[in-house]
Amino acid sequence: MSSPSSSRQSASGSSRTVDAKKPQHRAPKGPPSHEIRIIGGQWRRTRLKVIDKPGLRPTPDRVRETLFNWLGQDLSGWRCVDAFAGTGVLGLEAASRGAAHVLMVEQDAVLVRDLQDNATRLKASMVSVQRGDAVTALGRLPAASVDLVFLDPPFDGPWFEPALIAAAKAVPVGGWIYLEAPVAWTAEALGAFGLQCERHLKAGAVHAHLLQRTA
């Protein structure tokens with residue numbers, strides 16, 4: 001994402017100049033932040049502030065738009081899990097498009113706080129936020145109890161296979177898993193989990209897969 005402009009504009013559009021004789025106030029301390037934008041549904045165009053953290057990769061607008069085109073836009077009544085939630089933008093998109101319940105799972109305490117704050121701001125009663133390990137949380141779900149699982153684990157970790165195993169059990173035959181990964185998963189590798197790739201998109205260094213449980 002591009003960084004905010006360093007110059008501030010006045011209401012009339014002209015740049016403000018700083019009087020060198022006046023004391024300059026330091027920016028408030030705290031982690032740097034940027035905004036994410038919900039692109040569809042009831043909260044379309046809503047912008048939410050999220051902090052910048054190493055390894056945090058909000059799914060880009062273009063990829064999200066493509067994903068929800070694949071899914072059919074209207075998720076009314078769906079039960080979803082945003083594992084490795086991070087900014088929560090995938091889960092919030094699902095909630096905005098009518099999902100009946102969205103569970104967001106995130107390990108980082110600061111991100112959990114931000115997820116809760118954003119859900120409160122949106123009055124998103126269908127969203128619940130849980131702090132914890134994503135794979136463990138998926139493994140505790142009743143079999144075939146959710147319609148869609150979002151998986152976007154850290155690319156440098158060992159979570160892909162255990163997350164896919166747990167997610168495949170959580171969705172029914174015909175259910176969906178969205179996976180972001182640094183490489184394209186082969187049909188043979190996915191078949192071992194009873195999954196097949198219905199759609200695939202490469203966006204920069206990210207491979208986006210829409211997977212369906214077949215067995």
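Visitor: What should I keep in mind about the source of the values?

Guide: The model is predicted, so local features need pLDDT of at least 70 and side-chain atom pairs count only at pLDDT 80 or more, while totals for chains, interfaces and linings use all residues. Residues are numbered from 1 along each chain as its sequence is written, and side-chain values use heavy atoms, with hydrogens and water left out.

Visitor: How many helices and strands are there in the chain?

Guide: Helices (H or I, at least four residues) and strands (E, at least two) are DSSP runs, numbered from the N terminus. The chain has six helices and nine strands.

Visitor: What volume does the largest pocket have, and which residues lie nearest its centre?

Guide: On a 1 Å grid over the protein atoms alone, a pocket is an open set of points where a 1.4 Å probe fits, with protein on both sides within 12 Å along at least five of seven lines; lining residues have an atom within 4 Å of a point. A volume is the space filled by probe spheres set on the points, which are joined across faces, edges and corners. Here the largest pocket has a volume of about 550 Å³, and of its 30 lining residues F84, G86, E106, D152 and P154 lie nearest the centre. At least two lining residues come from each of β3 (79-83), α2 (89-96) and β4 (101-106).

Visitor: Which residues of the largest nonpolar core touch the most other members?

Guide: A nonpolar core is a set of buried Ala, Val, Leu, Ile, Met, Phe, Trp, Tyr and Cys residues joined through side-chain atoms within 4.5 Å, where buried means under 20% relative accessible area, exposed over 50% and partly exposed in between (1.4 Å probe, protein chains only). In the largest core, of 34 residues, C80, V127 and F150 touch the most other members. The largest share of this core, five residues, comes from α2. Apart from it lies another core of 28 residues, among them F84, L164, F193 and L211.

Visitor: Is H209 buried or exposed?

Guide: H209 counts as buried because its relative accessibility is 1%, and this residue is found in strand β9. Contact means heavy atoms within 4.5 Å; leaving aside neighbours within four places in sequence, H209 is in contact with residues including Y178, W185 and R199.
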